Amino acid sequence: MKLPSRVLITEVGPRDGLQNEKQPVSTDVKVELCQRLLDAGVRQLEATSFVSPKWVPQMADAAEVMARLPRPAGVTVSVLTPNMKGFEAALAAGADEVVIFAAASEAFSMRNINCSIAESIERFRPVAQAAKQHRLRLRAALSVAFGCPYEGEVPVAAVVDVASRLRDLGCDEIGIADTIGVGTAAQVGRVFDAVAREVPLDRLSGHFHDTYGQAIANVVASLQAGVYRFDSSIAGLGGCPYAKGRHRQCRDRRRGLPDARAGHRDRDRPRCAGRDRAVDLAPDRPRQCLARGQRDRGAQACESGRSGVSDAPRSARAPAAGREPAASAAPLSSAAPVPSPCISVCRIEPASGLCEGCQRTLDEIARWGSMSNEARREVWSAIHARRAGRGPGSDTAQDAAVAAAGGPAS
């Protein structure tokens, strides 16, 4: 199967990532975050949104952020514009691209913007026309394309229908979004294959959340379908305020690794956005490190709501300078979900088709969230057999965790 020769990335952290933070993030921090992303090499940046501060107070300083944002040559800065008032503000702020949004389910559309899908398309029609009149690029986000928090499974035909309506509005790009992170690789392939019959592949992009650890598998499935445009959010920040639950987005570092190992050229992949410090966006949540794209990890085992994906430390290691050693992960009971075998990031090795870290196949990675504990333990047994065939290296913190949960020992 021939994969795309390039991958284009739109960094959405400053907007889609920060909008869900409960504590206010200062304008200075937002501008610094954008500056460091641009310094790292980001060339497509979604900086903010011109929405009502009553509904999304985190974006109340959109005009000031845009006014202070550096604009290097060759960078496309986009903003979310839900209506003509927002579009006019974006135009005045000098945005290069405006973003509109629709949902694939009626229930989510009502909860998110208080109107039906058909009504939302009509609301965005004047925005789309104005964007074309002023020669601005128009991008659309299609939410809950793989599952809705209110309706459950979303029919593929519904996704195709809304994507076709957005195409007819003149959208230059349509992002197919897994808003709550429930999509699987097989489902992603089916959806993109169906949508591509109505919308050219070069106008489609993928937006995946890592709620159940499926984002990487879904990116790989998108590449296999011919999609080469993706959204990323620095350090996995984000989640929709109107979607129930906790939904981390796909980190650029996580998404980039399998692309690079498969030989793809990513002209927009950022370099390290800061080597020696993190940006404290909110003191009451795990700190996000821009240098490594990882969360500070303390006394954590399996987080509730993430179907067995463990955040236990990789292994005993010396703490970074100025940081206290991480506490040991709490032991898991036999009834606890068996943690995912992959310690950090699933990296598919093209020659073998197995993840370099956990030795699972792409299908096993995609199915993990829906597996029973018994089935997960069978996968662990197969993994140990594979690891035994390639030599030492299977003694990990997660091997110990799964043993404590009643699974195979190392």
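**Salt bridges and a helix pair in the predicted model**

The structure contains 16 salt bridges, a salt bridge being a side-chain nitrogen of Lys or Arg within 4 Å of a carboxyl oxygen of Asp or Glu. The model is predicted, so local features need pLDDT of at least 70 and side-chain atom pairs count only at pLDDT 80 or more, while totals for chains, interfaces and linings use all residues. Residues are numbered from 1 along each chain as its sequence is written, and side-chain values use heavy atoms, with hydrogens and water left out.

Helices (H or I, at least four residues) and strands (E, at least two) are DSSP runs, numbered from the N terminus. Arg71 is partly exposed at a relative accessible area of 35%, and Asp96 is partly exposed at 29%. Here buried means under 20% relative accessible area, exposed over 50%, and partly exposed in between (1.4 Å probe, protein chains only).

With Glu97 the N to O distance is 2.4 Å, and the pair joins strand β4 to strand β5 (residues 137-143) across 40 residues. Glu97 is buried at 4% relative accessibility, whereas Arg137 is partly exposed at 26%. With Glu173 the N to O distance of Arg137 is 3.1 Å; this pair connects β5 with strand β6 (residues 173-178), 36 residues apart. Glu173 is buried, with a relative accessible area of 1%. Through shared partners, salt bridges join Arg15, Asp16, Glu46, Glu97, Arg137, Arg139 and Glu173 into one network.

Turning to helix packing, the axes of α7 (residues 156-169) and α8 (residues 185-195) come within 9 Å and cross at roughly 40°. Axes are lines fitted to C-alpha atoms, for helices over the stretch in contact, and angles run from 0 to 180 degrees between N-to-C directions. The two helices are therefore oblique to each other, since angles under 35 degrees count as roughly parallel, over 145 as roughly antiparallel, 65 to 115 as roughly perpendicular and the rest as oblique. Val156, Val159, Val160 and Ala163 of α7 meet Arg190, Val191, Ala194 and Val195 of α8, with contact meaning heavy atoms within 4.5 Å.
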